[in-house]
2 protein chains.
Amino acid sequence: MKFIIDRNLFLKNLNNVLKAISSNTAIPILKGIKIDLSENTLTLTGSDTNISIKIDIPKNEDLHIESTGSIVLPARFFSEIIKKLPGKDFSFEVKDSFQTKIMSENSDFTINGLDADNYPKLPEITRESSFVISGKSFKEVISETVFAVANQENRPILNGVNFDFNPKEINAIATDSHRLSRRTLKLATGPAVATNLVIPGNSLIELSKIIADDDPQVTVIPGENQVLFKIANINFYTRLLEGSYPDTERLIPQEATTTVELDALTLARSLERVSLLAHESRNNVVKMYLNVEDQVIKLSGDSAEVGNVAEELAFDSLNGENLEISFNPDYLRDALRVSITDSIVIKFTKPLRPFVVVPKDSDEKFIQLITPVRTF
Amino acid sequence: MKFIIDRNLFLKNLNNVLKAISSNTAIPILKGIKIDLSENTLTLTGSDTNISIKIDIPKNEDLHIESTGSIVLPARFFSEIIKKLPGKDFSFEVKDSFQTKIMSENSDFTINGLDADNYPKLPEITRESSFVISGKSFKEVISETVFAVANQENRPILNGVNFDFNPKEINAIATDSHRLSRRTLKLATGPAVATNLVIPGNSLIELSKIIADDDPQVTVIPGENQVLFKIANINFYTRLLEGSYPDTERLIPQEATTTVELDALTLARSLERVSLLAHESRNNVVKMYLNVEDQVIKLSGDSAEVGNVAEELAFDSLNGENLEISFNPDYLRDALRVSITDSIVIKFTKPLRPFVVVPKDSDEKFIQLITPVRTF
């Protein structure tokens, strides 16, 4: 097995494969990167069993293939070497007993490799049904929902985002049972048949990093309990979460008794200050007082040990009934961070019923729900 | 106690005082910042007992003093608040039972303070002898030596840099007994009488951050077992290390049997690659082979587990006897990092005797010494 390759070309692809490789895996060979060389293609593979990334680099003027073969090399260490090699190109040759020689200009490394036959097989996904979506739209929907997934073991299905891919739109929902984010985005292309996939949040975060910002096409190929995303020469596999996602529709209040319209950034800054105190207290709660007659909104936080803070909040409009409500400021902060409009509308019903945050003056379907905290 | 101050003016000074405050101190009140207000001056004080910083902000158009007093506030938390306040100014007022009210625009904080009478007294230093030096020169000498101090408890004197301040130069020495850095820098101004101070490395690192890059004057006021540095309105106190610093003069070889001249950056890059393997092995050693007849220098590193690397090194000249020597690559890396010339000279004697790294074609007095490692 021998090839000569442009170092930057290799490094770009190597960095993408590294996203699937964890240094604290219980399976030693998965700390390695698998390198396969056929007559026409160099293939790099990494996996942490939850996600697997396989990248094909076809033979080209920057990749000269001399002889075929396979090897597994320690991933982090190998990538450190490639990053620091002195030359524009390097040669890579597997010798006896998996010893691998990497040469670039005056530098000459020999690395102990592992038998590629011992590397786990990737899941097979037969291309029965596949569809293509916009990478930009998919990335957007991920960032607008993934922060709301649960991170706990007791209800694994909530650790994923529930995607409904329809011919004309993506509908995505994530909830950790304290807050929920639901986003629907129009698609120029979608699957012919509606497809439901619950994809682990951690996988989506890595996938999102791999989808470049220039709106590449993403081909979605659902399998039995895996799904494969193809983006240019990258194959990204992730396991799916099994079980049925809870029906969240009934959680979202259809009416409001108090409605406030305000600037998201103004609220975020105020919340940040009030959170300073809330974060010092054990229950991490801020209070919001909405006084419709006086047209005043106050935010406050306190910690018995450290002190307290109160602010009057600027807003555009406030209608309905007076209200005093307590909530975890981090949930509202997360909701504001992904706001798609400068101004937002918050709709409350009762002090102990969830409230929703929606875009103002927008046809976009994006609803975020936050459950208040009982403080009395 | 009440004042109104420009937030940026306060923040700039606060950030400097925070450098002396440690959040894991065993003395709870030292987690706080002491704020004293006299009729003409606002004074901020922080201390971790090793270093103390006291900053005076005189009354001016950006600082309006209403009534005098003193308070101690939790430092990290207080600085977070000041950073996030909405307005250009803020007012600061101590009320009953040390409760402190901080107001800025619509934001209104109340923080529980502590009695300033319980804050430890700073050391008194009588200004018997003091001298002024260039901040730029002092900063330079610190960065060129402080990395070589020891970090161990068994010989505390080596945890400091040994400074000799003379009328015309600073002479600084640091060693951890494996490597040594000695720098002499000319001074335009210095003390009338030679002054020796052994200053803890950690203190010097913080002091260096406080000396701005625009070459401020630094007034040095040595005390009994403390020294005070005054930089503009900042008073920086540090304890001194007691005991006599070892005589290092005799350690530095006066002759060389093998001499090599080369580019510091070329060597640093090569060393970085070879270190990749050395760092994987237990003894962290690289080997250098200098062959004078063949005019070849080789660097190599190996780890039984991971593999090995060898490089030929480009150089300008190589003279004297052949040599094979092993050393810790991190010591040479550190020495190269602070090189004051692009090209350096390395002078060797025997495989187990220390070698020195000096600037090439320079009148500057800067010598770094590295002890090799026995590998056979």
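1. In this predicted model, 27 residues of chain B are in contact (heavy atoms within 4.5 Å) with 27 residues of chain A. Chain B and chain A bury about 2400 Å² between them, 55% of it on carbon and sulfur atoms, where buried area is the accessible area (1.4 Å probe) that two parts lose on being put together, summed over both. On the side of chain B, the most area is lost to chain A by B:Lys84, B:Arg273 and B:Leu276, which together make up 25% of what that side buries.

2. Across the interface of chain B and chain A there are 16 residue pairs in polar contact, both residues being at pLDDT 80 or more.

3. Chain B can be laid on chain A with an RMSD of 0.0 Å by a turn of 180° and a shift of 0.0 Å along the axis, the superposition being by least squares on the C-alpha atoms of residues with pLDDT of at least 70 in both. That is the relation of a two-fold axis. The same surface serves both copies, since 100% of the contact residues of chain B recur in chain A.

4. Residues are numbered from 1 along each chain as its sequence is written, and chains are lettered from A in the order in which they are written. Local features need pLDDT of at least 70 and side-chain atom pairs pLDDT 80 or more, whereas totals for chains, interfaces and linings use all residues, and side-chain values use heavy atoms, with hydrogens and water left out.

Methods
A polar contact is a pair of N or O atoms within 3.5 Å; within protein, one must be able to donate a hydrogen and the other to accept it, and residues adjacent in sequence count only if both atoms are side-chain atoms.
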